[in-house]
Amino acid sequence: MIAGYLSGRSLLHRLPAGVKLIALAVLSVLIVPLDSPVLLAMALAAVLIVYSSFGRPGLRRLAQWRSLAPLLAVIFALQVWAASVEVALASVLRIAVMVLLADLVTLSTRMQDMMDALALPMRPLRRFGLDPERLALAVALVLRFVPVLLDTWRGREEAWRARSPRRPGLPLIGAFFSGALAMSDQVAEALDARGFGAPRRSRPARKPRI
């Protein structure tokens, strides 16, 4: 899961994790109601400029998202059939901007920093018997899983094309989900081995000295 982080000393890397998560939430709220393809295209261009500022590693990271193109094409076709070309273009651009913004936070934030930032607002949940640290770990793992799953899909797709002239079909999708479930089991076993699954015991009260 640590492979999602891209080391660097950019301004985005130096920003606190909490600031980046709040900015991501605010930008997502502002982007959702936008229905102008021009404004969304400008937002996408700004995000692409940020990726290019990381140099070749940033461009390689951006190239990983080409696996999202078939899904965006399907969404575009459905929106054209249900509404119009303008609505379809706005929907595709909106999804691309929000996904890439979330990935920018992932690639510029260490796992521990993200967990600390997420655990802080979750501390009041401790009164209801919930562990803020475990909830923060779960959210951070979900964010880290996205680039890892994309790498897995791309590897299986390249292996399929190397062995068969046909397009990847349903067998590849089944193998992908099977591998994703196996990966989740491995992560769960690793967390259990490190004591994350065991209930935490409260420290015994110290006896007063006489």
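How many helices and how many strands does the protein have? The protein has nine helices and zero strands, where helices (H or I, at least four residues) and strands (E, at least two) are DSSP runs numbered from the N terminus.

## Basis of the model

This is a predicted model, in which local features need pLDDT of at least 70 and side-chain atom pairs count only at pLDDT 80 or more, while totals for chains, interfaces and linings use all residues. Residues are numbered from 1 along each chain as its sequence is written, and side-chain values use heavy atoms, with hydrogens and water left out.

## Overall architecture

Along the sequence, the pattern of elements is α-α-α-α-α-α-α-α-α. Of the 210 residues of the protein, 33% count as buried; buried means under 20% relative accessible area, exposed over 50%, and partly exposed in between, with a 1.4 Å probe and protein chains only. Among contacts (heavy atoms within 4.5 Å) between residues at least 6 apart in sequence, 69% join residues at least 24 apart.

The UniProt record, an unreviewed entry, places the feature "transmembrane region" at residues 12-32, 38-55 and 67-85. UniProt positions are given in the numbering used here, feature names are shortened, and annotations may be inferred rather than shown by experiment. In the model, residues 12-32 are 86% helix and 0% strand, with end C-alpha atoms 23 Å apart. For residues 38-55, the chain is 83% helix and 0% strand, and the end C-alpha atoms are 26 Å apart.

## Helix α3

Helix α3 comprises 16 residues (residues 37-52), which should span 22 Å at 1.5 Å a residue; the end C-alpha atoms are 22 Å apart, in agreement with that value. The expected span is 1.5 Å times one less than the number of residues in the helix.

Within α3, the residues Pro37, Leu40, Leu44, Val47 and Tyr51 are buried. Viewed down the axis of α3, its buried residues fall within an arc of 85°, so they line one face of the helix; the arc is that of the directions from the helix axis to the C-beta atoms. The cover over these buried residues includes α2 (17-31), α4 (56-63) and α6 (85-107). On the other side of α3, Val38, Met42 and Ile49 are exposed.

## Charged residues

Side chains of opposite charge can pair when their charged atoms come close. A search of the whole structure finds one salt bridge, defined as a side-chain nitrogen of Lys or Arg within 4 Å of a carboxyl oxygen of Asp or Glu. Asp103 forms a salt bridge with Arg61, and their closest N and O atoms are 2.7 Å apart. Because Asp103 lies in helix α6 and Arg61 in helix α4, the pair ties together parts that are 42 residues apart in sequence. Both Asp103 and Arg61 are buried.

Lys20, located in helix α2, is buried yet has no salt bridge. The nearest side chain of opposite charge to Lys20 is that of Asp113, 6.9 Å away; Lys and Arg count as positive and Asp and Glu as negative, whereas His and the chain ends are not counted. Not counting residues up to four places away in sequence, Lys20 touches Leu12, His13, Leu15, Val105, Ser108 and Thr109.

## The loop between α2 and α3

Asp35 is placed in the loop between α2 and α3, and counts as exposed at 56% relative accessibility. Leaving aside neighbours within four places in sequence, Asp35 is in contact with Glu86, Ala90 and Arg94. The C-alpha atoms of Asp35 and Ala90 are separated by 5.7 Å, although the two residues are 55 residues apart along the chain.

Pro33 also lies in the loop between α2 and α3. Pro33 is exposed, with a relative accessible area of 58%. From C-alpha to C-alpha, Pro33 and Arg94 are 9.5 Å apart in space and 61 residues apart in sequence.
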